[in-house]
Amino acid sequence: MADSCPARHEPTLSFTQGLIVGQLSVVLILAAFIKFFIFGEAPSPDVAASLRATERRSRTLAHKQSLLRLRSPSQRVGGGGGGGGSHQPLNRKKSTVLRSPPTLTIGSILSKTYYNVDSHQPESLDWFNVLIAQTIAQFRSDAQHDDAILNSLTKTLNGSSRPDFVDEIRVTELSLGEEFPILSNCRIIPVDEDGISLGSHVKFDPATAARDGTRLQARMDVDLSDMLTLAVETKLLLNYPKKLSAVLPVALSVSVVRFSGTLSISFIPSNPSQSTPTMMAFNFLDDYRLDFSIRSLLGSRSRLQDVPKIAQLIESRLHRWFDERAVEPRFQQIALPSLWPRKKNTRGPDDAMADGGTNSSGLSKGKERDPSVGADSREQATLRHRRPLGDDEYTKEGTLRSLSRDTRI
C-alpha cells in the first residue's frame, strides 16, 4: 500500500554496547599514549645528534643565503662595506704633542707578527690549557666556600620566573666536574663583516681588508669529557578545581657528559665617535656535539623512573637554550676594560710588607695611604715608644747619650 509507513531501522548497537565500545576506545587511546609517549624508546644519542646537527646546519645556511641576498651587488664583488655615507665626522683639533702612529691595518698586523693566514700551521694551545685549568680549579675552590654557588643557584631557580604549578625547588646535588676542557687546533682566518668565512673561492687581500669590513677571527677546537651534574627536587601542584587538588613529587638529575665543538673569537674595535668600547665576540659553530645524561623520578609511592620522553623533552629544551645564545649566527659580546696600567690596580711585594707593618715606605709605593686606616697603627706605634724602658735599655740609652755628648764636646 502507498499509505503504509516505511520500516524503521532499529539501532544495531544498544546503549550498553555503545558504552562498552566507548570505554574500550578510551582505554586503547590511553594505553597507546602511555606506551608510545611515556615509555617509548628514545632515539640513540648518535641519531639524535645527527638530526640536530642537520637542523642547525640548514638554519645556518639559510641565514648565510639571506645575508647574501640582502647585500648590494657592489658588496658582493668586494668594493663596498666601508660605508661612504654623506654624514662626515666633525674634525676635531688634534694634539701636537701626542704623536699619532700610522693607521694599523690587518695587513700590517699580520706582517709585523709574521703570521700568514694561508700557510701558518694550527697551534696546539697547550700553554693556554694550563691557564684555563688553573682558572677553573680556582673557580671550583671558591664555589665550595660558604656554599656560595649553591645559595645563588637556589635563589635563581626559585625566582620570579618560577610558574605557580611548581613548588619550591631544592638542589640535592651539584657537581662541577673534575676534568678540564682541552683547546687545540687554533687558527686565524679572515671573515667578513657578518662573521662569515671568506672561503677558498675568495682571495684574501690584506690591503683592502679594512675597507671591505673584513676582520680576523680565531677558531679553536674544544673538547670536554666530564660529569657536570645538577639534581633538583620539587612538586607539581594541581590547583584545579581547588587549591592543591593533587601533588606529584618530581626529582630530576641533569649531567653534561661530553661537549665538543669549534669556538670562534674575534674583536670588534672601539668607536670613539659613538663611545663604544672594544668588544670581544665569541660563539660556537653549528657542528658541535653536546651529550646529556638525564635521570627522572615521578611519584611518591608508585614511582616512574627514567621516563624516556621526559629526558628527550629536557634535552631538547637545553639544546634550544644553547642554540639561541651562543651558536652561529648568534653570538655573545663582552666589553673589554681599559688595558692601560693604573696606580689603583698595582699590587706587589711592598703591599704584603705594608700590611704586616714592617715597612712603612712600602705602603706609599704600593697604594695610597688612607689617613683613617693608618690612624690606629700610628697610635699604637706612639704608645709603643712611650712604654717604660728596662734596665738593659736604660744602659744602652745612657751609653748612646754619653757618646753623643762626648762627640759634641
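Which residues make a nonpolar surface patch of about 260 Å²? I looked this up before anything else. Leu30, Phe33 and Ile34 make the patch. For patches I took residues with over 30% relative accessible area and no salt bridge, joining nonpolar side chains (Val, Leu, Ile, Met, Phe, Trp, Tyr) within 5 Å and like charges within 9 Å. Accessible areas come from the Shrake-Rupley method with a 1.4 Å probe, and for residues only the protein chains shown count as cover. Leu30 is found in helix H1, residues 15-38. Helices (H or I, at least four residues) and strands (E, at least two) are DSSP runs, numbered from the N terminus.

Ground rules for this entry. The model is predicted, with local features needing pLDDT of at least 70 and side-chain atom pairs counting only at pLDDT 80 or more, while totals for chains, interfaces and linings use all residues. Residues are numbered from 1 along each chain as its sequence is written, and side-chain values use heavy atoms, with hydrogens and water left out.

**Core.** I turned to the largest nonpolar core, which has 18 residues. Such a core is a set of buried Ala, Val, Leu, Ile, Met, Phe, Trp, Tyr and Cys residues joined through side-chain atoms within 4.5 Å. Buried means under 20% relative accessible area, exposed over 50%, and partly exposed in between (1.4 Å probe, protein chains only). Met220, Phe259, Phe284, Tyr288 and Phe322 touch the most other members. Two or more residues each come from strands S2 (182-191), S3 (215-238), S4 (246-268) and S6 (289-298), and from helix H8 (308-326). I then listed the contacts (heavy atoms within 4.5 Å) of Tyr288. Not counting residues up to four places away in sequence, Tyr288 touches Arg56, Phe259, Ser260, Gly261, His319, Phe322, Asp323 and Val327.

**Asn283.** I found this residue in strand S5, residues 279-284. Is Asn283 buried or exposed? Asn283 is buried, at 10% relative accessible area. Its side chain makes a polar contact with the side chain of Ser264 at 2.3 Å. A polar contact is a pair of N or O atoms within 3.5 Å; within protein, one must be able to donate a hydrogen and the other to accept it, and residues adjacent in sequence count only if both atoms are side-chain atoms. The Asn283 side chain also reaches the backbone oxygen of Arg330 at 3.3 Å. Leaving aside neighbours within four places in sequence, contacts of Asn283 include Thr262, Leu263, Ala326, Glu328 and Phe331.

**Lys64.** I placed Lys64 in helix H2, residues 45-70. Lys64 is partly exposed, at 23% relative accessibility. Beyond four places in sequence, Lys64 is in contact with Arg57 and Ile196. Lys64 and Pro329 are 265 residues apart in sequence, yet 8.6 Å apart in space, C-alpha to C-alpha.

**Salt bridges.** I searched the whole structure and got 11. The criterion is a side-chain nitrogen of Lys or Arg within 4 Å of a carboxyl oxygen of Asp or Glu. Arg289 and Asp291 meet at 2.8 Å, N to O. Arg289 is partly exposed at 22%, while Asp291 is buried at 15%. Asp306 pairs with Arg295, the closest N and O atoms being 3.0 Å apart. That pair links distant parts of the chain, 11 residues apart: Asp306 in the loop between strand S7 (304-305) and H8, Arg295 in strand S6. Arg325 and Glu324 meet at 4.0 Å, N to O. Salt bridges that share partners join Asp46, Arg289 and Asp291 into one network.
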